[in-house]
Amino acid sequence: MGIHVNDVKQWLFKTNSRMQEEKAYLTALDQAIGDGDHGINMARGFQEVAIKLEKTAYTDIGSLLQDTGMVLLSKVGGASGPLFGTAFMKAAMVCKGKTEATTADLGAALQEAVNGIKLRGKAEVGSKTMLDVWEPVAQYVQEHAEQLSWSALNDLARLSMEKTKEMEAKKGRAAYLGPRSVGHLDPGSVSTYYLMEALCTTMNRSGEPA
Amino acid sequence: MKKLVNHPEAVVREMLEGMVLAHPHIVKQVEGTTVLVRTHAPIQGKVGLVSGGGSGHEPSHAGFVGTGMLDGAVAGEVFTSPTPDQVLEAIKAVNGGKGVLLIIKNYSGDLMNFEMAGELAEAEGIPVRKVIVNDDVAVEDSLYTTGRRGIAGTIFVHKIAGALAESGASLEEVERVANKVIQQVRSMGMALTPCTIPAAGTPGFSIGENEMEIGMGIHGEPGIERIAIAPADDVATTLVNHVLEDMKLTSGDRVAVLINGLGGTPLMELYIVNRKVAALLQDQGIQIHDTYVGEYMTSLEMAGCSVTLLKLDDELTELLDAPAQTIAWKKERRNPSGDTRE
């Protein structure tokens, strides 16, 4: 089943709702190992994305994702702004001109997003960053593009997010804590999980067990 | 937590408006942005200097915009790096045809946002160079991590690079001297209390009533150790020892000293710290060229301080002593006998 431009819009509206609901939780996670602004910034950024998408009619997934990236880049701030902004803008290039994307397109778009995040953040998997959710998700979608189970993808995203708890931070502000960062979830991985969770719940309309 | 604000979401905008109203002869706001630049920006034929970062560190950075220091400062949300579009506006507003130097404190967010802005500016044909300040010795320096943080030592980079830029030097020259300062400046801080981001409403961390954190960063990042509260002399000794261990100064070396308050510590206490810092340096035969005591790089209402030492040579001394007219740093030319005329 294809991913229609309206699905993408619904996905981002749902993501915004999740960011608003979890604003205080994300901020609390960041207070533990960062500087305590992650929820505030993500909620502000996705709120602006929702406003932009509400008043714009799209037929091109690429331009929808490009606008999303630009809004995040200019409204989130901190490290998350350039990282999420870059991810969406890279993904936009893959989806340029498409009103409906295949799961193979989604896999390619996620991979481009991962490449963009790595380049911008100069990070690799295993450093307790958002990449620890982005990369396994991108890989899974590419490997299972033929028959993608959204509920399985959601489970993988959640497990990947939960695994950051036991990691020691090497990048970002949590890295200053060194070993003391172990035992805390990475806030950027948690917000990335909400993004993926919103994607899976939006697309999981085939009635397969959640 | 009590704060003297109107709306937590509006603190940055309202602060900037108040700053411009207080100092219209020094700074102006680039319309529709969180950028403050010199009233007469851009200055033709001069390298433009832009710094910035999250708000909550006032007077950094807009307080150092003015003749002899920065040309522009970009204010992000509280403790949040400003976005690339805002930094780009600052670069464009201060470009006087000789290029722009970005002075960035070493945090992942600041690096990414300023780098992206620099790429956008270069695409528009403005030459841009960047320097990264990482003076905080409380953090292990490593290629494999984010590395050392930029804290109060950044002010010396603003001052010295600003003075050289004011003399008409090229972008490469200004970049060189900025990097020289970065190599010669080291700092370490400590905190007695946490601070509260207005939009968060609760403190980001806690420090027990009888505890202090040695090496704490300016956003409340953890330091080297959490210890029982100790007298000012002991704290000053710890901070100076850590800085000296990293700098390897020897008898006869000349330094500038900066005792920086984090926002919630009275000048009285900062002077008490300085008294001990000066004595420790004198014991080691280190010559103090000049001392600055006050609030330069704060952390909202956090109580605590940082100690910064800048190793001077003739070039840096002359540039440090050069005149400057900003909101938070004003200096007339120092005459050879050493007294400063204000």
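User: How many bridges join strand E2 of chain B to strand E5 of chain B, and in which direction do these strands run?

Analyst: Two strands pair if DSSP finds at least two bridges between them. Strands (E, at least two residues) and helices (H or I, at least four) are DSSP runs, numbered from the N terminus. In this predicted model, E2 (residues 35-38) and E5 (residues 72-78) of chain B are joined by three bridges and run antiparallel. Opposite Leu36(B) stands Ala73(B) of E5(B). Residues are numbered from 1 along each chain as its sequence is written, and chains are lettered from A, with ligands numbered from 1, in the order in which they are written. Local features need pLDDT of at least 70 and side-chain atom pairs count only at pLDDT 80 or more, whereas totals for chains, interfaces and linings use all residues.

User: In what order do the six strands of the open sheet in chain B lie?

Analyst: The order is E1-E2-E5-E3-E6-E7 in chain B, with mixed pairing. Strands E1 (27-29) and E7 (128-133) of chain B each have a single partner strand, so one side of each edge strand is left without a neighbour in the sheet. From one strand to the next, the twist averages 25°. Angles run from 0 to 180 degrees between N-to-C directions, and axes are lines fitted to C-alpha atoms, for helices over the stretch in contact.

User: Which strands does H2(B) touch as it packs on the sheet?

Analyst: Two residues are in contact if their C-beta atoms, placed from the backbone, lie within 7 Å. H2(B) touches E2, E3 (48-55), E5, E6 (100-105) and E7 of chain B, and its direction makes about 15° with that of E2(B). Helix H4 (residues 154-166) of chain B lies across E3, E6 and E7 of chain B and runs at about 170° to E6(B).

User: How many of the eleven residues of H2 in chain B are buried?

Analyst: A residue is buried if 20 or more other C-beta atoms lie within 10 Å of its own, exposed if 12 or fewer, and partly exposed in between; the C-beta atoms are placed from the backbone. Helix H2 (residues 84-94) of chain B has nine buried residues of its eleven and is mostly covered. Among them are Val87(B), Leu88(B) and Ile91(B), but also Gln86(B) and Glu89(B). Over the 342 residues of chain B, 56% count as buried.

User: Which residues have the most contacts inside the largest nonpolar core?

Analyst: A nonpolar core is a set of buried Ala, Val, Leu, Ile, Met, Phe, Trp, Tyr and Cys residues joined through C-beta atoms within 7 Å. The largest has 177 residues, and Ile160(B), Ala161(B) and Val181(B) have the most contacts inside it. At least three residues of this core come from each of domain 1 (8-183) and domain 2 (185-331) of chain B; domain bounds come from an automatic or database domain assignment. Leaving out residues up to four places away in sequence, Ile160(B) touches Val177(B), Val181(B), Leu316(B), Leu319(B) and Leu320(B).

User: Is Arg186(B) buried or exposed?

Analyst: Arg186(B) is buried, with 23 other C-beta atoms within 10 Å. This residue is found in strand E8 (residues 185-191) of chain B. Beyond four places in sequence, the residues that Arg186(B) touches include Asp135(B), Asp246(B) and Leu309(B).

User: How many residues of chain B are in contact with chain A?

Analyst: The size of an interface is often given as the accessible area lost when the parts come together. Counted by contacts, 29 residues of chain B meet 24 residues of chain A. E5, H2 and helix H3 (108-123) of chain B are the elements that give two or more residues to this side of chain B. H3(B) provides the largest share, five residues.
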